[in-house]
Amino acid sequence: MQETLNYINENKQRFVDELFELLRIPSISADPAYKEEVLKCADVVAEHLKNAGADNVEICETKGYPIVYGEKILDKNLPTVLVYGHYDVQPADPLELWTKPPFEPYIEKTELHPEGAIFARGSADDKGQFFMHLKAFEAMMKTNALPCNVKFILEGEEEVGSVSLGDFVNENKEKLSCDCILISDTHIYSNEQPTVTTGLRGLSYVEVEVEGPNRDLHSGLYGGAVPNPIHVLSRMIAKLIDEDGHITIDGFYDNVETVSDSDRADMNKLKDNPEEFKKSIGLSGVEGEKGYTTLERTSIRPTLDCNGIWGGYTGEGAKTVIPSKAFAKISMRLVPYQTPEEITEKFTRYFEKIAPENVKVKVTSHHGGMPYVLPTDTKEFLAAKKAMESAFGKEVLPYRGGGSIPITSMFEQVLGAKSVLMGFGLDSDAIHSPNEHYGLFNFYKGIESIPMFFENFSK
């Protein structure tokens, strides 16, 4: 292993230079105008896989953008790790908020990254993170230190919902068979307190519509005598959460996982700093479900949030109307053992129940995903914990994230393997935002940790 680490240390600058090449490609999957750039990025990723030492590298066609596959099978009797990542990126808008062009990567020191951070769209999500795996694999191959079989599946549609991935995995179960899945598309708690993500929340996302009069009405002629859909919708949304931060939907908490006192204690070993948390987002106070810490509210408890609300006239100047309709988008983050189907149904029934008789309501389900948990007593978690402790020289704690990566549950259901969420970014890396960046320290720590994960898991 020391020879592998020496190889990594000797090639650090080249690794960054090659990552810059990848970051210069605007592989924006959401915008058809960038189709050729996304396809070009797939070609470049495939070439990097081949150069690192992978066999049977393919650019696999799907209904959408291709999936890049590669493998190194040493012995069918050895364990197999499947590495997942994505080469597509979010749109860079609004461009005027970037300090420098989003696809011209550069390194700059920051308060959190005194060694420097790579600024570019995709630097942390997910090109910089999946590229760590390619370079760690290269280092193991060059030093004859790969201890088990490895397969790579790198997709180009994660930022648009992985629309083709499910079909591809279902159609290629044997090809993708493995003993665990290794993903670096999450973050650690901090560089001072490294963590392994052991849980992600699921998601139920709906759009609601409240309809009142059969047309927009003059607010002078009709105001005070008819239901205003914006008022009605606002009152209905307000009824969804009570003064204790408790979601009022009938049966919403029926299947919520009860987290043990010991697991809650472990979770709260993380240095939860309420003042720093408030400062980082410009607030003077926080709120949430009574009886839980901020860390618990953002990880092991389900939530409901209004993500957008509109209706009536929103243009320049004034237009005095009572709108015919009002709309809102609402997301609910789920925890084990809730399902998006169950929660969407309960939300719909409750929303219809609390609607006044003089309006019509409609609930449209957009998408959802299952929650995911990796128990801390599994060989997958322990292999990751030990690897990162070796690289960071510090105790590594379990950490439950508040976001959702629905593919983890799909992988487990179809391939029967657990996903290890061994990400190295920080939640301050501005992913999906202007000036996205990824610390050089984090990039290198990832490359150092990954070979040790392979070694630990194989043992």
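Predicted model: local features only at pLDDT ≥ 70, side-chain atom pairs only at ≥ 80, totals over all residues.
Nine bridges join strand β9, residues 202-211, to β14, and the two run antiparallel. Strands here are DSSP runs of E, at least two residues, and helices are runs of H or I, at least four residues, both numbered from the N terminus. Two strands count as paired if DSSP finds at least two bridges between them.

Residues are numbered from 1 along each chain as its sequence is written, and side-chain values use heavy atoms, with hydrogens and water left out.

Back to the sheet. It is open, has four strands in the order β11-β13-β9-β14, and pairs antiparallel. β11 (303-311) and β14 (360-369) each have a single partner strand, so one side of each is left without a neighbour in the sheet. Neighbouring strands are turned by 20 degrees against each other on average, direction ignored. For the other angles, axes are lines fitted to C-alpha atoms, for helices over the stretch in contact, and the angle between N-to-C directions runs from 0 to 180 degrees.

Two helices to mention here. Helix α11, residues 340-353, lies across β9, β11, β13 and β14, at about 25 degrees to β9. Contact means heavy atoms within 4.5 Å.

Now the domains, whose bounds come from an automatic or database domain assignment. Domain 1 covers 1-200 + 371-458, and domain 2 covers 202-256 + 302-369. Their centres, taken over C-alpha atoms, are 38 Å apart. Seven residues from domain 1 and eight residues from domain 2 make the contact.

How much area do the two domains bury between them? About 530 Å², 63% of it on carbon and sulfur atoms. Buried area is the accessible area (1.4 Å probe) that two parts lose on being put together, summed over both. On the domain 1 side, Pro371, Ser404 and Pro406 lose the most, together 74% of what that side buries.

Last, a second open sheet: three strands, order β4-β5-β18, antiparallel. Its edge strands, β4 (106-108) and β18 (437-439), each pair on one side only. The twist averages 30 degrees from one strand to the next.
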